[in-house]
Amino acid sequence: MNYNYTFKVVVLGDVAVGKTSLITRFSRRTYKVEYDPTTETEITFVKLQSKNINIFLKIYDTVGGLQDQNRLSSMASDANGFIIVYEIDRDSSFLNVDRYYEQIQPYINESTVLVLVGNKIDIKSRSISYDQASIKAARFKMEYFETSAKVGTNVDAVFSHILRELIKRRIEELNRKLEGLREKDLNETLKAAMREAGDDPFEGTAKALKSLGINAVYPAELTGSAGIKHQFSMAVLNGKNITAIDVLGLIRSLHL
Ligand code: G3D
Ligand code: MG
């Protein structure tokens, strides 16, 4: 199966705040779970489908609280999102959020999605107020959620938010890339790729899209009559010039 998107999310937080429980609760649709002995991490693979979009999500469950830098870097360097979990009735776990946040700094860029989770809201007592946590989350540019992994409250909301944001950011990134291209360059890219592919329209458009960075996001399965490659091919065959606007329109009609 081809996936339109593959994302990797790393879950951090003190021991026993409920990281594993949150992942287990979310991943009813788990495909498989693997243990990675080098990072001592359990990786949960989840396949999700929304409209016609197939998503492959890898969730890395850390153990032992604060991470050894080597271990963290091998796990976090290509992460698309981070969830930091604390327990609403344990102050030390909330204070440590700052330390996890510091630890992941080297692996964050403008496309990384960050979420702070206050878990165990089914417990009647709490020592950290919602406002206190929201303020911290806002300061760190994180979205804040309160969950109960035990009862299931809000667990799906955390992951839906992350996936929505990640897809949105990928599309924005692509838009920026396309908007940075002049129409003439776009057509030149296509023509060059077609020549390189011996005028095979599908090969040629595949090459052109790849060099524009589009192929990675919209893989082969979107090649039906409504697919980008097909539309490109037909346009090229008919001698029509492709504009960035066409490309954006196609992407939007397929994905939004
Ligand atoms: P961790 O992976 O962060 O170390 P776990 O944490 O998911 O292993 O959970 C630690 C303990 O907290 C477990 O209790 C688990 O059942 C409990 N727990 C997790 N989430 C919640 C929650 O939302 N509410 C409540 N009340 N408990 C929760 P045990 O006793 O099994 O060790
Ligand atoms: Mg655990």
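Which element gives the largest share of the shell around ligand 1? Before I answer, please keep in mind that what we have before us is a predicted model. The answer is helix H1, which contributes three residues to that shell.

H1 runs over residues 19-26, and its buried residues are Lys19, Leu22, Ile23 and Phe26. Viewed along the axis of H1, these buried residues fall within an arc of 95 degrees, so they line one face of the helix.

I turn now to the ligand. Around ligand 1 there are 15 residues, and those that come nearest are Ala16, Thr20, Ser21, Asp122 and Ala149.

Several polar atoms of the protein lie close to oxygen atoms of the ligand. In the side chain of Thr20, an N or O atom is 2.8 Å from an oxygen atom of ligand 1. For Gly18, the atom concerned is a backbone N or O, at 3.0 Å from a ligand oxygen. Val17 also takes part through its backbone, with a polar atom 3.3 Å from an oxygen of ligand 1.

Lys136 belongs to helix H5, residues 130-139. Is Lys136 buried or exposed? Its relative accessible area is 7%, which is under the 20% cut-off, and Lys136 therefore counts as buried. Apart from its neighbours within four places in sequence, Lys136 is in contact with Phe94, Leu95, Val97 and Asp98.

How values were computed:
Residues numbered from 1 in each chain as written. Chains lettered and ligands numbered in written order. Predicted model: local features only at pLDDT ≥ 70, side-chain atom pairs only at ≥ 80, totals over all residues. Heavy atoms only, no water. Buried < 20%, exposed > 50% of the residue type's maximum accessible area, 1.4 Å probe, protein only. Helix = DSSP H or I, 4+ residues; strand = E, 2+ residues; numbered from the N terminus. Arc of directions from axis to C-beta. Near = heavy atom within 4 Å. Polar contact = N/O pair within 3.5 Å; in protein donor to acceptor, adjacent residues only side chain to side chain. Contact = heavy atoms within 4.5 Å.
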